[in-house]
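Reader: Could you walk me through this protein slowly, starting with the words I need?

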Amino acid sequence: MVATPSTMLALGTEMPDFALTDVVSGDTVARDTFGDSMGIVVMFVCNHCPFVKHVLNELGRLARDYTPRDIAFVAISSNDVQAYPDDAPEKMRALAEVEGWAFPYLFDEEQEVAKAFRAACTPDFYVFDGERQLAYRGQLDSSRPGNDVPVTGADLRRALDAVIAGEKIPDEQMPSMGCNIKWKPGSAPEYFGG
């Protein structure tokens, strides 16, 4: 299992605009869907990745803990579903329903949203503040499949607590690690070595 790190998009970057379909509701979800929420967590995930499976329960817990505190959550899958059929929209919907996710799970079929965020791996986490500026990007916590570190969401929770409190998050942030996004043939972005 080879791990790919986050690209670590520059802090302060404005949240890219997007409009994708939620595989559960069928609704189009865009950046403006989240109104004036205090912050937005954007998670690039997929169904088949062992790194994502390792943290699935914590993703639901995070949303349950922080949505009442005016933090919005959205998950996006950008994988090539021809090569990875377990990541197809109907399977995404099934996973979201089994996990009881109350946040949108969006399918980025053209992979343009992943490129706009410079996403590299699953899971890859981004926290945008109330001004839609990037305040955090990096790991959920230090747990990885097989390293016996408990999944707590500690790093992401600290970042969200700081956003809620209006405090600056330290610039030193650890990249997420996971499976690389499964780019369609010939479409890997330049930042990914394409």
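Author: Let us begin with a term: a residue is buried when its relative accessible area is under 20%, exposed when it is over 50%, and partly exposed in between, using a 1.4 Å probe and protein chains only. This is a predicted model, where local features need pLDDT of at least 70 and side-chain atom pairs count only at pLDDT 80 or more, while totals for chains, interfaces and linings use all residues. Residues are numbered from 1 along each chain as its sequence is written, and side-chain values use heavy atoms, leaving out hydrogens and water.

Reader: Okay, is Cys-46 buried or exposed?

Author: Cys-46 counts as buried because its relative accessibility is 1%, and Cys-49 is buried too, with a relative accessible area of 0%.

Reader: And how many disulfides are there?

Author: A disulfide is a pair of cysteine sulfur atoms within 2.5 Å, and by this rule the count is 0. The closest cysteine sulfur to that of Cys-46 belongs to Cys-49, and at 4.9 Å it is too far for a bond.

Reader: New topic: which residues have the most contacts inside the largest nonpolar core?

Author: A nonpolar core is a set of buried Ala, Val, Leu, Ile, Met, Phe, Trp, Tyr and Cys residues joined through side-chain atoms within 4.5 Å. The largest one has 38 residues, and those with the most contacts inside it are Met-43, Phe-73, Trp-101, Tyr-105, Leu-156 and Leu-160. Helix H1 gives the most to this core, with 8 residues; helices (H or I, at least four residues) and strands (E, at least two) are DSSP runs, numbered from the N terminus.

Reader: What about H4, which of its residues are buried?

Author: The buried residues of H4 are Asp-155, Leu-156, Arg-157, Ala-159, Leu-160, Ala-162 and Val-163. What covers them includes strands E4, E5, E8 and E9 as well as helix H1. After H4 comes Gly-166, which has a positive phi near 75°.

Reader: Where is Asp-141 found?

Author: Asp-141 sits in the loop between E9 and H4, and it counts as buried at 3% relative accessibility.

Note on methods. Contact means heavy atoms within 4.5 Å.
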